Structures are given as structure tokens and as C-alpha cells.
Amino acid sequence: MFRTKWKFITAASLLFILISGNLTYAAENFFWSDTEPTPSCYTSREGDSSNIGLVVDGKREQQDIPTCAEAKKNRVLVLVNGKYLQTIFGSGAEPFIENGRTMIPLRALADGFGFEVTWKPSEQKIVLEKGNQTIILFIGQSEMQVDGKKVALENAVPMIKNGVTFLPVRQLAEVLGVKVNWDNKTRTATFSDNNDIS
């Protein structure tokens, strides 16, 4: 019964976003929308389970679903040029805070800021290119190269979590001249420049 309700709620939420929001881009585990993301959560009732099964890469995996109060308290909203980052529940691509820094998936960052991405797994190297600018980062290393110059990353480093590559976004945005704002009350990281995400 719980799983059927969950499937209906998930389908209804995605349909609502597609109808009410202006869907800009869809990928495997994220998309951009005008609509603020709805947290994946459940309302606690006696006898309800917070654990559901999802099929990921052909294998059934159990996923713990937080209560709605926990989900709202811990979620991080990312808003780039007026579009919210929406992640697919269970994909492991949800933004999070690491040592006071907002971490977002590499692919979402590249899409949101218009980067071309090259991933070199043998070196754990990420190359981001946009126009004449080249930014090079390495998983687990606390500095990046911006057009050949070394720049220290503060408090957070590129990492792989749940099979997804995450980058600390604030310093990358600042390097690009993107305006950055953090609203602690709503836990929203807002990035804006003169370019649209389209």
C-alpha cells in the first residue's frame, strides 16, 4: 500500500512540475525548472515504513525516505539564473553542504553554467571549459587551476559520493563572475549572471 502511494505521489509531483513549471533541461538524474523542488519525504504514521525499494541499474535497492520535517531541514536548494535544480529521488545527486560549502553534481554545474566537461578517470581529473576559460580540478585535491594559475579551494574539495561527482560551486561561480548568494533560512544557494540556462 505504501509503495503504491509513493509511486502515485512521485508521478503526480513530476507531472505537476512538468505542467506548472517551465522545464528547461532533463538529464539522467537532474533537470532545471521554474518550480521550487518538493522534498522527497513521508508523513510519519504508526506502522508506516520509511523504507522503499527502487530499481537502480537493474538491481533492487532499498532507500530510506526521511520524514517531511527532516527533509525540509536538511535539503539544499540551488537556483541558477532563475531555475531550480531538481534531482531525481534515489539518484544520489541531491546537493548538500560540506564544511559550509554547497556541493552540486558536476553534470548539473556544467549544464547550469554552460561548461563543456572532460572527465579523465585514470587521473581523477575534471576539465571545465567555457569560451576562453579552462578550469582544472582533481578529486580530493584542495586547489584548482584557472587558466593555468593555481587557486586554493576553501573548506571543500571535489568528491565522488554515491557514484556522483560533486564540486564546491561557490568559488567556481565567483571565478566566472557569477553573483552568489546564500539564504540560510531557506538553505538556498542562488547564482545569477547575464546568461540563461537554456
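Modeller: Asn81 counts as buried, because its relative accessibility is 18%; buried means under 20% relative accessible area, exposed over 50% and partly exposed in between, with a 1.4 Å probe and protein chains only. This is a predicted model, in which local features need pLDDT of at least 70 and side-chain atom pairs count only at pLDDT 80 or more, while totals for chains, interfaces and linings use all residues. Residues are numbered from 1 along each chain as its sequence is written, and side-chain values use heavy atoms, with hydrogens and water left out.

Colleague: Where is the place of Asn81?

Modeller: Asn81 is in the loop between β5 and β6 (83-87); strands (E, at least two residues) and helices (H or I, at least four) are DSSP runs numbered from the N terminus. Its phi is near 50°, a positive value in a residue other than glycine. Most residues other than glycine have a negative phi.

Colleague: And Asn162, is that buried or exposed?

Modeller: Asn162 is exposed, because its relative accessible area is 59%. Asn162 also has a positive phi, about 55°, and is placed in the loop between β14 and β15 (164-168).

Colleague: Changing topic, which residues have the most contacts inside the largest nonpolar core?

Modeller: They are Leu109, Phe113, Leu128, Leu137 and Phe191, in a core of 30 residues. Such a core is a set of buried Ala, Val, Leu, Ile, Met, Phe, Trp, Tyr and Cys residues joined through side-chain atoms within 4.5 Å.

Colleague: Which elements give two or more residues to this core?

Modeller: Among them are β2 (30-33), α3 (106-113), β10 (125-130) and β17 (188-192). The most comes from α3, with five residues.

Colleague: What is Leu109 in contact with, beyond its neighbours within four places in sequence?

Modeller: Leu109 is in contact with Ile104, Phe115, Leu128, Leu167, Val169 and Leu172, where contact means heavy atoms within 4.5 Å.

Colleague: In what order do the five strands form the open sheet?

Modeller: The order is β9-β10-β11-β12-β13, with antiparallel pairing; two strands pair if DSSP finds at least two bridges between them. β9 (116-120) and β13 stand at the edges, each with a single partner strand, so one side of each has no neighbour in the sheet.

Colleague: What packs on the sheet?

Modeller: α3 does, touching β9 and β10, and its direction makes about 10° with that of β10. Axes are lines fitted to C-alpha atoms, for helices over the stretch in contact, and angles run from 0 to 180 degrees between N-to-C directions.
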